[in-house]
Structure formats: C-alpha cells, structure tokens
Amino acid sequence: MSGVKRKRNVLNVKQKLEILQELDNGESARTDAEDVLNEEYTIPHSVALQSVETLLDYMGQRGFDYGDITAVRQICVDIRKEISKQQKQRRIADFLKQ
C-alpha cells in the first residue's frame with residue numbers, strides 16, 4: 001500500500017463546535033463526527049426508503065422467500081425509525097433555538 005494516498009476527511013470549525021456542543025449534552029463524539037464526514041456521501045433516508053420499498057415490490061412479484069422479504073421489511077422499519085429520530089431531533093433543536 002505504499003505510495004497510495006488516501007483522502008483525509010477533516011472537520012471544519014463549525015462542525016467541530018457542533019460536535020463539542022453535542023458532547024456537552026452527553027452524546028457520542030465518534031458517531032457524530034462520522035455522520036458529519038459522511039453527509040456528503042450518503043443518500044437521504046427518504047430515497048433509501050423508496051428504494052427498499054421498490055425492492056419489496058419486486059421481491060413480491062418474483063416470489064422471493066418469505067424470510068428474505070421479512071429481512072427487507074425490517075430494513076424499512078429501521079429506516080422509518082431513523083427518519084422519526086431525526087425529525088424529533090430537529091424539532092428539539094428548533095424549539096431550543098427559539
């Protein structure tokens with residue numbers, strides 16, 4: 001691997017301050033830093049949910065195994081939980097800004 005350069009992800013000052021504020025509230029620094037760094041590389045949850053639901057439709061039409069369909073349904077549930085969690089966090093943040 002010598003000679004191979006990796007792109008370093010570096011947090012800007014605003015991102016560092018946000019993470020420090022969240023640490024003060026007892027949240028995990030590693031997860032927050034990873035979330036900030038990965039924001040530009042991730043798709044929105046709504047797009048992921050739509051893709052998984054489309055996959056479920058396809059699997060239903062093609063007669064996939066019930067266990068496989070159940071696993072994909074669980075992914076939908078997990079995505080919806082994450083969307084709900086983020087909406088709650090936004091509402092709390094908006095409330096605190098007032």
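Buried means under 20% relative accessible area, exposed over 50%, and partly exposed in between. The model used in these exercises is predicted.

**Exercise 1.** Classify Tyr 58: buried, exposed or partly exposed?

*Solution.* Start with location. Tyr 58 sits in helix H3. Next, take its relative accessibility, 41%. The cut-offs are under 20% for buried and over 50% for exposed. Tyr 58 therefore counts as partly exposed, at 41%. Now look at its surroundings. Together with Leu 55 and Phe 64, Tyr 58 forms a nonpolar patch on the surface. The accessible area of these three residues together is about 280 Å².

**Exercise 2.** Describe the fold of the chain in terms of its secondary structure.

*Solution.* Count the elements. There are 4 helices and 0 strands. Then read along the sequence: the pattern is α-α-α-α. Finally, check contact range. Among contacts between residues at least 6 apart in sequence, 47% join residues at least 24 apart.

**Exercise 3.** Identify the residues of the largest nonpolar core, and the elements that supply them.

*Solution.* List the members. The core has 9 residues: Ala 48, Leu 49, Val 52, Leu 56, Met 59, Ile 69, Val 72, Cys 76 and Ile 79. Assign them to elements. Helix H3 (45–62) and helix H4 (66–97) each give two or more residues. H3 provides the largest share, 5 residues. Inspect one member. Leaving aside residues up to four places away in sequence, Ala 48 touches Ile 43 and Ile 79.

**Exercise 4.** What percentage of the chain's residues count as buried, and how much accessible surface does the chain have?

*Solution.* Of the 98 residues, 15% count as buried. The accessible surface comes to about 8600 Å². Carbon and sulfur atoms account for 52% of that surface.

Note on methods:
Residues numbered from 1 in each chain as written. Predicted model: local features only at pLDDT ≥ 70, side-chain atom pairs only at ≥ 80, totals over all residues. Heavy atoms only, no water. Core = buried A, V, L, I, M, F, W, Y, C linked by side-chain atoms within 4.5 Å. Buried < 20%, exposed > 50% of the residue type's maximum accessible area, 1.4 Å probe, protein only. Contact = heavy atoms within 4.5 Å. Areas by Shrake-Rupley, 256 points an atom, 1.4 Å probe, with all protein chains shown as cover. Patch = residues over 30% accessible without salt bridge, like charges linked within 9 Å, V, L, I, M, F, W, Y side chains within 5 Å. Salt bridge = Lys/Arg side-chain N within 4 Å of Asp/Glu carboxyl O.
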